[in-house]
Amino acid sequence: MHRHPTPARSSSRPSFRSSSRPSSGARRPALTLLAALLPLVLAACANRPLTPADNPEAQAVAQQTVQAVESAASAVPSPAAPVARAATAPEEKLDVLLEDAMNPGEKVDLDAPKTHVDLWARMRAGMAMPELDNDLVRKAEDWYSSRPDYVARMTGRGSLYLYHVVEEVEKRGMPMELALLPFVESAFRNDAQSSAKAVGMWQFMPATGRDFDLKQNIFRDDRRDVLASTKAALDYLQRLNKMFDGDWQLALAAYNWGQGNVSKAVARNQKAGLPIDYDSLRMPDETRYYLPKLQAVKNIVMRPEAFGLELPAVANHPYFLTVNIDRDIDVARAAQLAELDEDTFRQFNPSMNKPVILAASSGQILLPYDNASTFVANLEKHRGPLASWTAWVVPRTMKSADAAKQVGMSETGLRELNRIPARMLVTKGSTLLVPRTASRDQDVSEHLADHASIGFAPDVPPMRRVTLKAGKGDTVASVARRYRLGTTQLAQWNRVSTKATFKPGQQIVAYVREGQTLAAAESSGRSSKVAANGSKSAKTTKVASNASSKPKSAKTRSAKVAATEGKGARTVSTKTALR
C-alpha cells in the first residue's frame with residue numbers, strides 16, 4: 001500500500017480524464033449476511049441436476065441466484081473492495097479517472113452491490129446453447145477432472161480477464177458459453193502460439209487477425225491484446241453465426257475448422273440429402289472434439305463439485321483498468337512506475353513486441369486497480385526520460401554491422417533486438433528499434449507505429465546476367481552439366497522445361513555471381529560460345545560488378561542489393577535468383 005499526495009498536472013505527462021473519486025469514509029463492517037447467504041444460494045444452484053441451459057426452470061434458478069445475492073448485498077453496508085487499494089485520506093486521492101476499458105468514461109465503483117455477485121453465478125445465468133451429451137463430452141470431462149492442477153492454473157489465469165469477456169458477450173446478447181471458449185482455445189494464455197501460427201488466447205491466424213483489424217507489425221501483435229482480440233473474436237463469431245443461419249454449433253465449428261470447410265461440408269450433405277447439423281457433418285477429429293470440450297468446461301462451471309474441482313472466486317468487477325498515455329515509455333519503466341515486476345506487467349500488456357510502448361500505437365496500458373493508481377502517482381512525480389528507444393528507418397540497404405555502427409550499438413545487440421537473421425542485409429526502408437540520442441529522441445509517429453516493417457536480403461554478391469550460345473543437340477541438362485549450373489534453375493531462367501532441347505545457336509540465359517568465371521567443365525567438341533555484355537566470342541566470362549535484370553520467369557525472392565559501379569556507390573533494386 002502507498003500513499004500519494006495529489007500531484008500537480010503537467011501537460012508533458014500522459015493525459016488522464018479528470019474526475020474525483022468519492023471518499024470511502026469510515027470502513028464499513030463485514031457483510032455478515034452476505035457471507036452466510038452467498039454459499040447457500042450458490043450451493044443450491046450448483047447442486048441441482050444439470051439441465052439444458054435453455055430449460056426455463058434452469059434459467060429461473062440461475063436468475064434467482066443472482067437476484068438473491070444482489071438483494072443481500074444492497075440490504076447491508078458494503079465491505080471493503082475485494083481488490084486491495086491504497087488506504088488514502090480523501091484529500092490524498094488522485095484527481096484522475098481510471099477507466100474500465102469495456103466502459104470508457106464511466107467511474108469504476110468497487111463498492112456497488114452488483115460487484116459482490118460471484119461472476120461464475122452471472123455466467124451460469126447466461127448459458128443458452130443446446131446441450132451436448134455424448135461419449136466425447138464424457139472423455140473431455142474425465143480429462144479435465146483428472147487434472148485439478150491444470151484446471152486451477154487455467155481458471156486462475158482466466159479470472160484476470162473473464163469479467164471483461166463476460167461484459168462483452170453480455171452486451172452483444174450472445175450465449176455465455178462463448179466466454180468459456182478461451183479455456184478451450186488456449187487455457188486463457190495470451191502468449192499461446194500453435195504450430196499453425198495461431199496466436200493469443202483466442203488463437204487468431206495472421207490473415208484472420210488482419211481481417212478483423214488486429215495489427216501485426218514489428219512493434220505489436222494485437223492478437224495477444226486482451227481487449228482487442230476479444231472484440232475481434234466476438235465480431236468473427238457473430239459473422240459466422242449469421243453465415244450459418246443462427247446455428248452456434250456450426251459457427252463454432254467454422255471458428256475451429258474455417259468457414260470455407262464448414263460451408264463445403266454443409267453443401268456436401270445438402271447434395272446427398274443428409275442433415276446439416278453439427279453431428280451430421282463430416283469433419284476432422286479435432287473439430288469433432290471441439291464442441292464436446294466446450295460442453296465439458298461448461299459442465300464444470302455449472303457444478304464443479306460434481307467433478308471434484310474448485311473454481312477460484314471471481315468478483316463481478318474489472319480486475320484491471322485502462323491508463324491512457326501520450327508519450328512513448330519503456331516496458332521496464334512502466335512496470336517500475338506501476339510497482340510490478342516486468343513479467344506481471346506483460347500479463348496485462350502482452351501485445352508489445354519490443355521493450356517500448358508506443359503512445360501513437362496503443363495509447364493505453366492495462367493495470368490492476370491499485371497498480372493503476374500507483375502508476376499515475378509515480379508517473380506524475382517522475383523526472384527524466386520515459387523511453388530509451390525509438391525507431392530508425394534504414395536509409396539504404398546495408399549490413400547489420402554497418403547499421404549498428406551508425407546507431408551506436410553493437411552488431412549483436414542490434415541483431416538480437418530487431419531479430420535480424422545471420423548473413424542477411426537489412427533492406428532500405430526497414431524500421432529498426434534503436435537507442436535514443438540527442439539528435440534522435442522523438443516519439444515514434446503514428447504512421448510508423450502502425451506500418452513499420454523490416455525486410456532482409458541475402459548477404460551475397462550481386463548476380464549478373466550472361467548469355468551462352470547453344471550448340472547442336474544441346475539440352476537443358478547438358479548445358480547445366482557443362483557449366484556446373486542447376487538444371488531446374490537453368491530451365492527457369494529460360495522459361496523451358498528441364499527436359500527441353502535448345503536449337504543450335506539459340507541464346508541461353510544464366511546468372512552468375514560477381515567475379516565468378518563461367519567456363520565449360522570439359523571440352524564438348526561443339527562451338528558453344530559465352531557472351532557477356534555483347535561479347536561475341538569469349539569462351540569464359542569474368543563477371544563484372546555491375547548488376548542487371550533477370551528474367552521474370554525465374555523463381556525469385558525480393559532483395560535489395562547494394563552494388564558499386566565505377567567510383568560512386570549506388571543502391572539498386574534487383575531480384576535474387578534462388579539457388
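Arg484 is exposed, at 62% relative accessibility. The model is predicted.

**Arginines with positive phi**

- Arg484 has a positive phi, near 55°, in a residue other than glycine.
- Arg484 sits in the loop between helix H19 (476-482) and helix H20 (487-493).
- Arg419 is not a glycine either, yet its phi is positive at about 55°.
- Arg419 lies in the loop between helix H17 (411-418) and strand E7 (424-426).
- The relative accessible area of Arg419 is 59%, so Arg419 counts as exposed.

**Packing of H4 on H12**

- Helix H4 (residues 135-145) packs with helix H12 (residues 290-302) at an angle of about 55°, and the axes are 8 Å apart.
- That angle makes H4 oblique to H12.
- The crossing of H4 past H12 is right-handed.
- From H4, the contact uses Leu136, Val137, Arg138, Ala140, Glu141 and Tyr144.
- From H12, the contact uses Pro292, Lys293, Gln295, Ala296, Val297, Asn299 and Ile300.
- By class, the residues of the H4 contact with H12 are 8 nonpolar, 2 polar and 3 charged.

Technical notes: Residues are numbered from 1 along each chain as its sequence is written. This is a predicted model: local features need pLDDT of at least 70, side-chain atom pairs count only at pLDDT 80 or more; totals for chains, interfaces and linings use all residues. Side-chain values use heavy atoms; hydrogens and water are left out. Axes are lines fitted to C-alpha atoms, for helices over the stretch in contact, and angles run from 0 to 180 degrees between N-to-C directions. Helices (H or I, at least four residues) and strands (E, at least two) are DSSP runs, numbered from the N terminus. Angles under 35 degrees count as roughly parallel, over 145 as roughly antiparallel, 65 to 115 as roughly perpendicular and the rest as oblique. A crossing is left-handed if the near helix is turned anticlockwise from the far one by less than a right angle, and right-handed if clockwise. Contact means heavy atoms within 4.5 Å. Ala, Val, Leu, Ile, Met, Phe, Trp, Tyr, Cys and Pro count as nonpolar, Asp, Glu, Lys and Arg as charged, and the others, Gly among them, as polar. Buried means under 20% relative accessible area, exposed over 50%, partly exposed in between (1.4 Å probe, protein chains only).
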